[in-house]
Amino acid sequence: MKIKGKTFNIILLTMLLIIVLVISYFIYNNSTKSLNGVCIENKRCFYVEIASTLSEREKGLGTKQSLEIDKGMLFIFEDETLPGFWMKDMNFPIDIIWIDKNMKIIGVEKSLEPCKNGKECPAYYPQRKAMYVLEINSGLS
């Protein structure tokens, strides 16, 4: 079966359009699926990226140059634990909010500065076991 030039061009353009639409859908879906709203005591709300896998938690906010004022990252653990956080590879200061399984704030670390080259990088832990950890811009907690 031989396809004439004009029909072939229409088929080719249609296939290209479908491919572009599929790629656009996946890019859009991946960029928005991880943003969820989190409100602290119904007073201050943030759109957060969820870090629920080990790989996502290890990267954290370390890959970002900055964070918009209404954005953050919510770390979700399978069980309550005493997770350690440090400021290695960070590019801006943050506040860390420790939250237990009942969604109660159990601690806050304020204005944590990124580790400087050559300086020791301390780890921060909650006083009690936490199931969630919220990282937001410094000074907002």
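Predicted model: local features only at pLDDT ≥ 70, side-chain atom pairs only at ≥ 80, totals over all residues.

Colleague: What makes Ser111 count as buried, partly exposed or exposed?

Modeller: The relative accessibility of Ser111 is 40%, and since buried means under 20% relative accessible area, exposed over 50% and partly exposed in between, with a 1.4 Å probe and protein chains only, Ser111 counts as partly exposed. Ser111 is found in strand S6, and its phi is near 50°, a positive value in a residue other than glycine. Most residues other than glycine have a negative phi.

Colleague: How many helices and strands does the protein chain have, and what pattern do they follow?

Modeller: Helices (H or I, at least four residues) and strands (E, at least two) are DSSP runs numbered from the N terminus, and the protein chain has two helices and eight strands. Along the sequence they follow the pattern α-β-β-α-β-β-β-β-β-β.

Colleague: How do you know that S2 and S3 pair, and in which sense, parallel or antiparallel?

Modeller: Two strands pair if DSSP finds at least two bridges between them; strand S2 (residues 44-51) and strand S3 (residues 71-81) have five, in the parallel sense, and Phe75 in S3 is the bridge partner of Ala51. Strand S3 is also joined to strand S8 (residues 130-137), by six bridges and in the antiparallel sense, with Ile136 in S8 as the bridge partner of Gly72. Five bridges join S5 to S6, which run antiparallel, and Ile99 stands opposite Ile105 in S6. S5 and S6 form a hairpin with five residues between them, and Met103 in the turn has a positive phi of about 65°.

Colleague: What makes a set of residues a nonpolar core, and which members of the largest touch the most others?

Modeller: A nonpolar core is a set of buried Ala, Val, Leu, Ile, Met, Phe, Trp, Tyr and Cys residues joined through side-chain atoms within 4.5 Å. The largest has 17 residues, of which Leu61, Phe75, Phe85, Ile94, Ile96, Trp98 and Val133 touch the most other members. Strands S3, S5 (94-99), S6 (105-112) and S8 each supply at least two residues of this core. Another core, of 12 residues, lies apart from it, with Leu74, Ile97, Ile99 and Leu134 among its members.

Colleague: How do you know that Asp100 and Arg128 form a salt bridge, and what does the pair tie together?

Modeller: A salt bridge is a side-chain nitrogen of Lys or Arg within 4 Å of a carboxyl oxygen of Asp or Glu, and the side chains of Asp100 and Arg128 meet at 3.7 Å, N to O. Asp100 lies in the loop between S5 and S6 and Arg128 in the loop between strand S7 (123-124) and S8, so the pair ties together parts that are 28 residues apart in sequence. Asp100 counts as buried because its relative accessibility is 8%, whereas Arg128, at 44%, counts as partly exposed. Salt bridges that share partners join Glu68, Asp70 and Lys71 into one network.

Colleague: How many salt bridges does this rule give?

Modeller: The count comes to six, including one between Asp89 and Lys88, whose closest N and O atoms are 3.3 Å apart.

How values were computed. Residues numbered from 1 in each chain as written. Heavy atoms only, no water.
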